[in-house]
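The sequence and the model are shown first.

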Amino acid sequence: MKNFAGGWFGKLLRINLTDRTSRVEEIDHTVLYKFVGGAALGAKLLYDEVSPGTDPLGPENKLIYAVGPITGTDAPCASRLNLTTKSPLTGTLANSLSGGFFPVEMKWTGLDAIIIEGKAAEPVYVLVRDNKVEIKSAVKYWGLNTQDTQTYLKEDLDDHNIRISCIGPAGENLSLISCIINECRALGRKGVGAVMGSKNLKAIAVRGTKKVPIANQKKFKEIIKEFLKYLGESELVYPVFSKTGSSLAVGATSALGFFPAKNWQDTGVEDLAPHLDSNVFAQYGQTRNRCYRCPVACSQVRMAKTGRYAGISTEGPEYETIYSLGSVLGIKDPAFIIAADRLCDELGLDTISAGVAVGMAMELYERGIFTATDGLELKFGNQEATLTFLRMMAYKEGFAKIFADGTKRAGQAIGNGAGYYAMEVKGLELPAYDVRGAKAHGVNYATAYTGADHNRGYASQEVFGIPIPYPVERLEIKGKGVLAKWNQDFCGCYDVATLCEFPAQMGLMPVAQKLTADLLSGATGCEFTEQGVWQLGERLNNLCRMFNVREGFSRKDDCLPRRLMEEPIKDGLSKGEMISQQDLDFMLDEYYEARGWDKNGIPSAAKLQELGIEDTIKDLPSGS
Amino acid sequence: MPKIIMRGTSFVQEIMGAREIEMEAKEGSTVDNLLAELDARFDRRLSKRLYNEDGSRSNLVRIFLNGRDICFLDKKALILSDGDIILLLPVLAGG
């Protein structure tokens with residue numbers, strides 16, 4: 001491979017909090033070309049540096065922030081950051097993606113990645129201003145919520161354009177459902193906030209002035225023009241999505257009867273769209289926010305204008321949060337969801353996991369399995385109890401402590417059959433698609449390398465009817481293993497290139513890989529092809545699978561909650577649907593075959609060799 | 001005559017003036033027969049979205065019969081029975 005001429009800076013910053021040192025290291029050019037950036041660069045670094053069996057909350061675990069070669073350029077929809085670590089919630093590799101302005105600011109410091117390792121003796125924050133790196137005391141910020149942390153740090157640094165990634169009380173208290181917040185955006189899911197908290201790291205602040213070099217400026221500009229043209233021609237991106245954000249999905253999933261309700265026991269019983277769809281939330285709209293260089297600006301800022309939550313605003317709620325702090329709790333009040341979303345962001349709680357944990361607690365309470373709630377009446381629909389419970393989880397107070405480490409652990413701690421009501425896969429709480437009515441989502445939840453994670457293989461074909469790579473019947477199981485593999489590799493490409501998946505799913509699907517290849521080629525001066533970009537996604541999925549295999553994961557862990565395999569959907573247009581063990585086995589067999597993995601879900605040496613990650617072959621279990 | 005629920009989101013809901021309406025179908029009517037009646041009832045405002053110029057069904061609106069995408073149903077399954085629910089879901093539109 002020839003040397004690159006732009007895009008990457010070729011550098012990572014390694015910060016050791018134990019001995020309070022930092023150094024800049026060159027990244028091997030072959031590694032950059034093969035893993036590019038974002039999720040794959042993070043996965044490669046984690047694979048090489050975090051040994052199997054590492055305690056996710058111990059100093060040996062690492063937090064890896066990674067951007068990509070087009071982050072911080074003029075490319076649209078490319079202000080994306082990937083955080084990779086070993087998840088304390090699932091024990092798998094964790095990656096989380098966030099947008100906003102932090103990613104580009106980090107890139108402008110001249111870095112492609114930041115690795116945080118060790119553990120500080122007292123709370124600290126890391127300040128990176130171009131080449132200057134400081135590890136400073138964060139004692140005065142410890143205990144603050146995420147919004148106050150950002151405000152006060154900016155004031156103290158006298159720089160209101162500095163960008164900050166930080167934890168709130170949930171991360172400080174090592175809640176395994178905590179997240180990391182930059183601006184109002186979350187590096188969510190998988191307990192990444194607890195990893196940051198375990199290192200006594202309150203925040204990372206970045207400010208950069210370095211321009212990202214572009215190898216072929218003319219070509220790069222032409223591709224951007226083409227990218228924007230496709231977005232402009234989309235019937236969804238500007239006409240609908242930019243005005244609704246992800247909340248537009250409520251209408252489809254609710255109408256088709258797979259919008260989950262009341263901890264997944266009442267999916268389909270009521271069409272919730274009239275209460276919670278994007279038309280309803282539009283009435284709360286204030287303005288729209290955008291990530292750097294995003295022409296879509298899908299992030300809807302909404303505010304409760306009357307009633308008990310009047311004056312509370314949030315960036316969102318996104319579709320997932322409308323589910324987790326709304327339908328799954330039996331709550332149909334948009335103003336409440338706005339307020340609860342804001343609260344979770346401030347506390348640094350992942351909205352999906354936190355809401356699903358509350359939903360589980362409510363069902364256990366109503367069924368009389370768990371009633372030791374210190375007088376808190378945890379019934380579905382109880383808004384006040386939900387807000388109290390969310391706060392208690394963030395601070396790990398009282399009975400809520402049991403749920404603050406996720407539903408799987410709550411089920412194990414409570415016993416008495418409580419685990420049946422834990423809606424999780426590999427410990428990660430389920431997102432907002434009831435897979436009984438959308439089977440490709442089911443295979444993805446079961447097999448995604450981070451646990452039940454819609455972002456790792458979103459089946460837009462089942463939700464929006466997008467006929468690419470082909471039209472699918474959402475209720476069929478045949479073909480869904482192959483489709484899940486396709487979707488995971490599709491999403492993987494974007495996670496590696498650090499491009500936003502939303503426009504890709506909605507306006508660019510037929511040309512997404514080609515455009516991505518051209519953008520990467522134009523920026524770096526290296527040759528990327530459409531097929532090569534597809535392989536980036538496949539390589540990512542296999543590398544992450546191998547990280548998990550090395551930790552002992554296999555087919556036995558590719559499962560779904562028992563409820564979804566034993567209880568059919570009660571009513572609505574998906575009535576009677578479920579995924580039996582036999583159905584799941586059929587889809588898994590198909591999926592593994594499509595992936596080139598064996599029946600136990602272990603990648604073959606030949607596949608790893610084909611993808612250029614032959615150094616992982618040594619970690620295959622003996623006999624596979 | 002079989003009573004059928006016609007349900008729609010987005011622009012279909014706007015045209016119908018409600019998220020769902022009830023219609024009566026003649027014995028032996030198919031989904032397409034009832035859609036034609038629906039279109040006629042609303043001044044042919046639906047047909048532009050539901051059908052292409054050559055009369056074939058447009059890809060822009062998904063049509064479900066009792067939750068099943070009719071693209072994947074055989075002709076016999078498209079004959080309506082009492083209590084059937086037809087859902088018109090514009091592709092790429094949710095709310």
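In this predicted model, B:Glu22, B:Glu24, B:Glu27 and B:Asp82 form a negative surface patch (patch residues have over 30% relative accessible area and no salt bridge, and like charges are joined within 9 Å). B:Asp82 is exposed at a relative accessible area of 57%, where exposed means over 50%, buried under 20% and partly exposed in between, with a 1.4 Å probe and protein chains only. B:Asp82 sits in the loop between β4 (68-69) and β5 (85-90) of chain B; strands are DSSP runs (E) of at least two residues and helices runs (H or I) of at least four.

Over all chains, the structure holds 55 salt bridges, each a side-chain nitrogen of Lys or Arg within 4 Å of a carboxyl oxygen of Asp or Glu.

| A:Asp159 | A:Arg207 | 2.9 Å |

A:Asp558 is buried at 2% relative accessible area, and A:Arg545 is buried at 5%. A:Glu567 is partly exposed at 21% relative accessibility, whereas A:Arg563 is buried at 0%. A network of salt bridges also links A:Arg14, A:Arg23, A:Glu25, A:Glu49, A:Lys62 and A:Glu117.

Residues are numbered from 1 along each chain as its sequence is written, and chains are lettered from A and ligands numbered from 1 in the order in which they are written. Local features need pLDDT of at least 70, side-chain atom pairs count only at pLDDT 80 or more, and totals for chains, interfaces and linings use all residues, while side-chain values use heavy atoms, leaving out hydrogens and water.

Conventions
Patch = residues over 30% accessible without salt bridge, like charges linked within 9 Å, V, L, I, M, F, W, Y side chains within 5 Å. Areas by Shrake-Rupley, 256 points an atom, 1.4 Å probe, with all protein chains shown as cover. Lys, Arg positive; Asp, Glu negative; His and termini not counted. Charge placed at Lys NZ, Arg CZ, Asp CG, Glu CD.
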